[in-house]
Amino acid sequence: MRLLSFVAAVIACAGPALPAWSHEATSRGVTVAHPWARATPGGATVGGAYLEIKTADGTADRLISLQSPAAGRVEIHTHIMDGDVMKMRRLDVLDVGPGQSKVLKPGGDHVMLFDLKQPLKEGDLVKLTLVFEKAGPIDVQATVEPVGATGPHGMAAQPTDGGAETGSGDHGAHKHQ
Ligand SMILES: [Cu+2]
């Protein structure tokens, strides 16, 4: 009897009732919702991810870093216009004011995954950890949407800050498609 209940407890603990990663997560007034990434074509080693960051009234925070087991490096990017050419630029941090909703989306601020361990395929789940100054780390799982889901930039010019870091110069070809 005792053994049986012990076994039952072990099974309960090992069950799917305690997902470590979810599609939406909240910590200390900061919520990360609707994370998604775009499938990457062929041998692309760079991908884009998008999500919404919401803060409760009276809660302001700052996204200071990101990590993913699927990528060697994760950055926050924004777009700037250089003349009439749209370029991407890396942001060191992303501030979110109190009661605010910041949507990271194609063509706007977004998350970049560099040195992907393998291509992102439609239907896959990609783990992302967003680290906030006050709320700490928030773990979510991004769903991978089809290649070209809303072709984001389609831009000819590429960021000048970080292309060298990829080692391949391939960032120059990254269109998130
Ligand atoms: Cu980018």
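This is a predicted model: local features need pLDDT of at least 70, side-chain atom pairs count only at pLDDT 80 or more; totals for chains, interfaces and linings use all residues.
User: OK. How many bridges join β10 to β11?
Analyst: Eight, and the two strands run antiparallel. β10 covers residues 125–132, and β11 covers residues 136–145.

User: What do β10 and β11 form?
Analyst: A hairpin, with three residues between the strands.

User: Which other strand is joined to β10, by four bridges?
Analyst: Strand β4, residues 61–67, which runs antiparallel to β10. There, L66 has L130 of β10 as its bridge partner.

User: Is β10 mostly covered or mostly open?
Analyst: Mostly covered. Six of its eight residues are buried.

User: New topic. What coordinates the copper ion?
Analyst: Four residues: H77 through ND1, M88 through SD, H110 through NE2 and M112 through SD. The distances are 2.2 to 2.6 Å. Along the sequence, the donor residues follow the spacing H-x10-M-x21-H-x1-M.

User: Why do H77 and H110 tie together separate parts?
Analyst: H77 lies in strand β5 and H110 in strand β9, so the pair links parts that are 33 residues apart in sequence.

User: Are those two histidines buried or exposed?
Analyst: Buried. H77 has 1% relative accessibility, and H110 has a relative accessible area of 0%. The cut-off for buried is under 20%.

User: And why is the copper site called irregular?
Analyst: The angles among its four donor atoms run from 87 to 149°.

Note on methods: Residues are numbered from 1 along each chain as its sequence is written. Side-chain values use heavy atoms; hydrogens and water are left out. Buried means under 20% relative accessible area, exposed over 50%, partly exposed in between (1.4 Å probe, protein chains only). Two strands pair if DSSP finds at least two bridges between them. Donors are N, O and S atoms within 2.8 Å of the metal (3.2 Å for Na, K and Ca); water is not among the atoms, so sites may look incomplete. Four donors count as tetrahedral if all angles lie between 85 and 135 degrees; four count as square planar and six as octahedral if opposite donors are over 155 degrees apart and all others between 65 and 115; anything else is irregular.
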